[in-house]
Amino acid sequence: MNRIAYRLVCGLGLSAALIATPALAKESAADNYRTYCVQCHGAQGNGKGINVRDMSVLPRDHTDAKEMGARSDADIFKVIKQGGVALNKSALMPAWGDILSDDEINDLVQHLRTLCKCSYGK
Ligand code: HEC
């Protein structure tokens, strides 16, 4: 391949990479939940993920309206971003702030509200 053709191919490769980047930007809350949460919180969000048999503190049942309704959106956001320890809960609940953007965490808070069919105080 001559040099000009090589440059052309590289140039095209680069622009394809640039075009592809935005797809990395944001996943839907349901996708993020499936990727990062179900192994502990369960595919149905009921706290019965595949990890639980080895866990000393059980993951929250996200379908439990009574428990989840007792938490403000701000607290749920904080526990997802900074992990269980941020709210004096178990460190077995990991921090996701390095992996998920604030925007994605906000969407997850709303996703959890659909799982519990609840809001703060209800
Ligand atoms: C490695 C297992 C594990 C993974 C993965 C995990 N969690 Fe948790 N989570 C826990 C445990 C354990 C608790 C209970 C902590 C406690 O009660 O002390 C918890 C608690 C929570 C709580 C409730 C805190 C409260 O106020 O009771 C929320 C909300 C939560 N997790 C959201 C998530 C979300 C969203 C994800 C995915 C981004 C996720 N968790 C992934 C283990 C996990």
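In the predicted model, the face of helix 7 directed away from its buried side bears the exposed residues Asp103, Gln110 and Thr114. The buried residues of helix 7 are Glu104, Ile105, Leu108, Leu112 and Cys116. An α-helix has 3.6 residues a turn, so residues three or four places apart point the same way. Helix 7 comprises 15 residues, and the distance from its first C-alpha to its last is 21 Å, close to the 21 Å expected at 1.5 Å a residue. The cover over the buried residues of helix 7 includes helix 3, helix 5 and helix 6. Just after helix 7, lysine 117 adopts a positive phi of about 50°.

The protein chain as a whole contains seven helices and zero strands, and its pattern along the sequence is α-α-α-α-α-α-α. Of the 122 residues in the protein chain, 18% are buried. When contacts between residues at least 6 apart in sequence are considered, 47% of them join residues at least 24 apart.

The largest nonpolar core consists of 14 residues, and Ile80, Leu108 and Leu112 have the most contacts inside it. Helix 3, helix 6 and helix 7 are the elements that give two or more residues to this core. The greatest contribution comes from helix 7, which supplies four residues.

Helix 6 has Ile76, Val79 and Ile80 as buried residues. Viewed down the axis of helix 6, these residues fall within an arc of 95°, so they line one face of the helix. The packing partner of the buried residues of helix 6 is helix 7. Just after helix 6, glycine 83 has a positive phi of about 90°.

Within helix 6, isoleucine 76 counts as buried because it has 22 C-beta neighbours inside 10 Å, where 20 or more are required. Apart from neighbours within four places in sequence, isoleucine 76 makes contact with Arg71, Val109 and Leu112. The C-alpha atoms of isoleucine 76 and leucine 87 are 9.3 Å apart in space, and the two residues are separated by eleven residues in sequence.

Helix 3 spans residues 29–36, and its buried residues are Ala29, Asn32 and Tyr33. Down the axis of helix 3, the buried residues lie within an arc of 100°, so they line one face of the helix. These buried residues of helix 3 pack against helix 4 and helix 7. The face of helix 3 turned away from the buried side carries Ala30, Asp31 and Thr35, which are exposed.

The ligand has 24 residues around it, of which Cys37, Cys40, Lys89, Ser90 and Met93 come nearest. Helix 4 (38–41), helix 6 (73–82) and helix 7 (102–116) are the elements that give two or more residues to the shell around the ligand. By residue class, the shell comprises 16 nonpolar, five polar and three charged residues. Ser90, one of the residues that come nearest to the ligand, is 9.4 Å from serine 56 between C-alpha atoms, with 34 residues separating the pair in sequence. Serine 56 belongs to the loop between helix 4 and helix 5 (65–68). Serine 56 counts as exposed because it has 6 C-beta neighbours inside 10 Å, the limit for an exposed residue being 12 or fewer.

Notes: Residues numbered from 1 in each chain as written. Predicted model: local features only at pLDDT ≥ 70, side-chain atom pairs only at ≥ 80, totals over all residues. Near = placed C-beta within 6 Å. Nonpolar A, V, L, I, M, F, W, Y, C, P; charged D, E, K, R; others polar. Contact = placed C-beta atoms within 7 Å. Arc of directions from axis to C-beta. Core = buried A, V, L, I, M, F, W, Y, C linked by C-beta atoms within 7 Å. Expected span 1.5 Å × (residues − 1).
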